[in-house]
Amino acid sequence: MASAVLWRRGAAWLRSCRGNRREPPGVPRGRGCAGSRDVVPTCERYAVRRLPFARLEERDVAAFERLMPGRVVSAEEEVKPFNVDWLKSVRGCSQLVLKPQTTAEVSQVLRYCYERNLAVNPQGGNTGLVGGSVPVFDEIILSTALMNQVISFDKVSGILVCQAGCVLERLNEYLEEQGFIMPLDLGAKGSCHIGGNVATNAGGLRLLRYGSLRGTVLGLEVVLADGSALDCLMSLRKDNTGYDLKQLFIGSEGTLGVITAVSILCPQKPKAVNVAFLGCPSFAKVLETFTTCRAMLGEILSAYEFMDEKCMELVERHLKLSSPVADSPFYVLIETSGSNSTHDEEKLNNFLEQAMASGMVLWSLRERITEALTHEGYVYKYDISLPVAKLYNLVTDMRARLGQSAKNVVGYGHLGDGNLHLNITAESYSHSLLDAIEPFVYEWTARCSGSISAEHGLGFKKKQFIQYSKPREAVVLMQQFKAMLDPKGILNPYKTLPSAPERSTC
Ligand SMILES: O=C(O)CC[C@@H](O)C(=O)O
Ligand SMILES: [Zn+2]
């Protein structure tokens, strides 16, 4: 028997569900690295050779202290959390964190590092999932934590200009007071910085409705490796004067420049937001429901997310969130955002009636799956774009391939965007399990003309596999851009672009 319930945004259950992954109790994202001693250093786990950058000296620390007194962190205990990613899967050994407040300070730091040939790891909220936000060796960490000022907001155009270190959720709160919202929403919103979002071209939960950052970001201010500042902080919807340089930095993961400020187009806050959780007896029904949903909800559909029963089981076990519905092989979350609550609810109710009549509806939840999975041990994460019809086949094929060698193989994600999150858990990291997963997962994806990174980027963990999604010529051109903008390669080294396989010299 089927049932259906609608939640308005702001209902207690929904708030608690949305509020928690960003700062799960005891596991603040990107901070509070209590277990960091257990994290194997990246250079030990993976075959990677330190590039010939200069090593930090006392005179460097003194120079930085002169540049930004009191905002140079060198005490080992204080630096430690910045060296480890949120997943506790990679660890660098930086000895220094710098916290500039202004673009001029970022310029001065980079000019100094460039001259001294010191490598730099730009870091926002440290919520990345591919090892892109923490050092691999001893790179100096350039944190945007104190670059957290809103520069301007134009209520007529909806254009926000702010520093790169503004936390996404704070920006959203600021905008909501003025009747607007940020065009992106992520589980990590409580910690992630807008500069980091842009640097990774984060997708998230609103992409279906408001599009990607490649469309909503109107301008950027970026400091290049040699310290020169590039002011492309336009606040125009249309600007066809030459190449669109900001696009180079969107998704470049801090390898081409440090984003210091962002100009972004923000939509009006929708007057009516409704959320429904449905259950489906098969993946074919998830797809069928999506088609029905799009046809019936049209412009008010703002999210269509799915998760499999294994995800639900883990969310229930680890987060003690109980499913309000009977067990089902798949669950779907639908969000509508519109301007007329009566009209939107009527539309959603009509859709649910039809969906229930065909036996598709149950209820469930979605947003804290990532957090639940971390309780299982080590998580191998894959973030894949695929034609939706084939999307879940990768999960079933992987399950069959790994058998008992994995604890769980789960599939969930942004079905509305054709984006699967395939996560595989095990008690701990093992090379042999990784070898069973990779390159199989990438070959599978390439055969379907998919992308091996839909929204998380390549970071440290996936950079060697870029060729599964990009032709050789494209990778070579990317390497040429990198060499032109950062000839010494000091910005976020060991990330995004492939290097030849090397022996560890950790
Ligand atoms: O943890 C993951 O693999 C996905 C994280 C995030 O992109 C999500 O959609 O929840
Ligand atoms: Zn996602």
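**View 1. Strands β8 and β10 pair in the antiparallel sense.** Six bridges join β8 (residues 217-223) to β10 (residues 258-265). Val-217 has Ile-264 of β10 as its bridge partner. Here helices (H or I, at least four residues) and strands (E, at least two) are DSSP runs, numbered from the N terminus, and two strands pair if DSSP finds at least two bridges between them. The model is predicted: local features need pLDDT of at least 70 and side-chain atom pairs count only at pLDDT 80 or more, whereas totals for chains, interfaces and linings use all residues. Residues are numbered from 1 along each chain as its sequence is written, with chains lettered from A and ligands numbered from 1 in the order in which they are written.

**View 2. Stepping back, β8 and β10 belong to an open sheet of five strands.** The strand order is β6-β7-β10-β8-β9, and the pairing is antiparallel. At the edges are β6 (150-154) and β9 (229-232), each of which pairs on one side only. From one strand to the next, the twist averages 10 degrees. As a friendly reminder, strands of a sheet pair through backbone hydrogen bonds, either parallel or antiparallel.

**View 3. An open sheet of four strands shows mixed pairing.** Its order is β2-β3-β5-β4. Because β2 (72-73) and β4 (120-123) stand at the edges with a single partner strand each, one side of each is left without a neighbour in the sheet. Two bridges pair β3 (residues 97-98) with β5 (residues 140-143) in the parallel sense, and Leu-98 has Leu-142 of β5 as its bridge partner.

**View 4. Helix α5 lies across β3, β4 and β5.** The helix runs at about 165 degrees to β5; axes are lines fitted to C-alpha atoms, for helices over the stretch in contact, and angles run from 0 to 180 degrees between N-to-C directions. In the loop between α5 and β4 sits Asn-117. Phi of Asn-117 is near 60 degrees, a positive value in a residue other than glycine.

**View 5. Domain 2 meets domain 3.** The protein is divided into domain 1 (6-26 + 270-369), domain 2 (36-143), domain 3 (150-265) and domain 4 (376-484), with bounds from an automatic or database domain assignment. The C-alpha centres of domains 2 and 3 are 23 Å apart. Contacts link 15 residues of domain 2 with 20 residues of domain 3, a contact being two C-beta atoms, placed from the backbone, within 7 Å. On the domain 2 side, helix α5 (residues 103-116) gives the most, with seven residues. That side divides into five nonpolar, nine polar and one charged residue. Ala, Val, Leu, Ile, Met, Phe, Trp, Tyr, Cys and Pro count as nonpolar, Asp, Glu, Lys and Arg as charged, and the others, Gly among them, as polar.

**View 6. Seven residues form the shell around ligand 1.** They are Leu-129, Gly-187, Thr-370, Lys-381, Asp-383, His-421 and Asn-423, where a residue is near a molecule if its C-beta atom, placed from the backbone, lies within 6 Å of it. Strands β14 (378-385) and β16 (419-426) each supply at least two residues of this shell. By class, the shell has one nonpolar, four polar and two charged residues.

**View 7. A cis peptide bond joins Glu-438 and Pro-439.** Omega is about 10 degrees for this bond. Pro-439 is found in the loop between α16 (431-437) and α17 (440-447). For context, most peptide bonds are trans.
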